[in-house]
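Please consult the sequence and the model shown below.

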Amino acid sequence: MASGDLERGTKNRGNNANFPSHYVETAEKQWTSWIIPMFVVANIAVFIVVMYVNDCPKKSLGTEGSCVAKFLGRFSFQPLKENPLFGPSAATLEKMGALEWNKVAHGHQGWRLITCMWLHAGVIHLLANMLSLIFIGIRLEQQFGFVRVGIIYLVSGFGGSILSSLFIQQNISVGASGALFGLLGAMLSELLTNWTIYSNKIAALLTLVFIIAINLAVGILPHVDNFAHIGGFMSGFLLGFVFLLRPQFGWAENRHSPADGLVKSKHKAYQYVFMLAAAVLLIVGLKTAKNRGLSTCLFCIVINTVKIMQCEFGLSWLGPVDLRVD
């Protein structure tokens with residue numbers, strides 16, 4: 001699936017300082033990106049289905065305000081006073097799989113832990129998340145392949161929901177920014193664990209830290225739950241140390257024709273240390289979840305952790321059901 005050498009065995013000397021080129025300055029192969037575009041298409045398709053089910057003209061009769069963009073027919077949006085993000089009602093989102101603690105914990109609807117990551121509260125919410133996913137995810141997938149990036153995205157979203165659930169248990173939830181923050185966290189750990197192969201180390205680090213700080217700062221705004229952002233970021237940060245190791249510069253050439261008869265080690269010792277430490281922290285996190293009454297198997301975690309699960313980013317103005325989006 002790889003399409004060829006990206007750098008032809010040479011270091012990038014920093015001629016292009018635009019984000020995110022700092023973060024991938026050497027690579028053995030470039031992959032064709034398809035999992036990230038597929039995630040984007042899936043999210044858009046789900047939103048279209050949700051709007052079809054919502055059918056504002058039919059179901060909002062007698063409510064305060066009128067549907068927005070009525071020319072769209074049953075795809076028109078809820079009144080802006082109810083949902084200023086140009087989207088469906090909270091009741092529709094709940095029906096379609098928003099994460100709702102009581103239904104999951106007492107109604108045996110553990111599937112909501114998965115479906116909440118694919119729902120969005122409106123066009124603005126959807127566009128913000130999908131543009132971020134394209135901007136961050138495609139570059140990572142081109143460098144590391146669909147398997148590793150897909151795992152980081154999905155597990156980070158799950159991790160964001162876990163941390164959010166420890167603090168917020170009273171709202172229904174939709175959104176995927178925990179997964180997006182996981183990709184940002186993975187970019188940071190990739191930079192740190194592959195530090196020696198970068199030519200513009202400080203510039204790359206400062207740029208990425210600035211981007212992460214700006215995104216986390218959004219979490220201090222009213223109605224925004226930053227716990228999911230932080231949980232997703234930390235999950236991706238640890239996973240990056242495990243999945244995004246690069247061979248040290250020159251390893252591929254040296255292993256085929258070692259000048260002194262010795263083959264250069266593929267990875268440096270500190271990379272293995274980081275990988276081991278990150279894996280231990282992930283296991284400790286799983287153990288902590290188990291101590292809260294959760295099973296160690298992934299399927300059982302999906303079913304049982306939902307007693308404390310909640311997804312992300314808050315809005316309190318979507319009607320009688322309090323909805324949080326990320």
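A salt bridge is a side-chain nitrogen of Lys or Arg within 4 Å of a carboxyl oxygen of Asp or Glu. The model is predicted, so local features need pLDDT of at least 70 and side-chain atom pairs count only at pLDDT 80 or more, while totals for chains, interfaces and linings use all residues. Residues are numbered from 1 along each chain as its sequence is written, and side-chain values use heavy atoms, with hydrogens and water left out.

Two salt bridges are present in the structure.

| Salt bridge | N to O distance |
|---|---|
| Arg74 and Asp55 | 3.8 Å |
| Glu190 and Arg246 | 2.8 Å |

Arg74 and Asp55 form a salt bridge. This pair links distant parts of the chain, 19 residues apart: Arg74 is in the loop between α2 (56-59) and α3 (90-96), and Asp55 in the loop between α1 (35-54) and α2. Helices are DSSP runs (H or I, at least four residues), numbered from the N terminus. Asp55 is buried, with 8% relative accessibility, whereas Arg74 is partly exposed at 31%. Buried means under 20% relative accessible area, exposed over 50%, and partly exposed in between (1.4 Å probe, protein chains only).

Glu190 and Arg246 meet through their side chains in a salt bridge. Glu190 belongs to helix α8 (residues 177-193) and Arg246 to the loop between α10 (226-243) and α11 (251-256), so the pair ties together parts 56 residues apart in sequence. Both residues, Glu190 and Arg246, are buried.

Helix α10 has 13 of its 18 residues buried, so it is largely enclosed by the rest of the structure.

How values were computed. Helix = DSSP H or I, 4+ residues; strand = E, 2+ residues; numbered from the N terminus.
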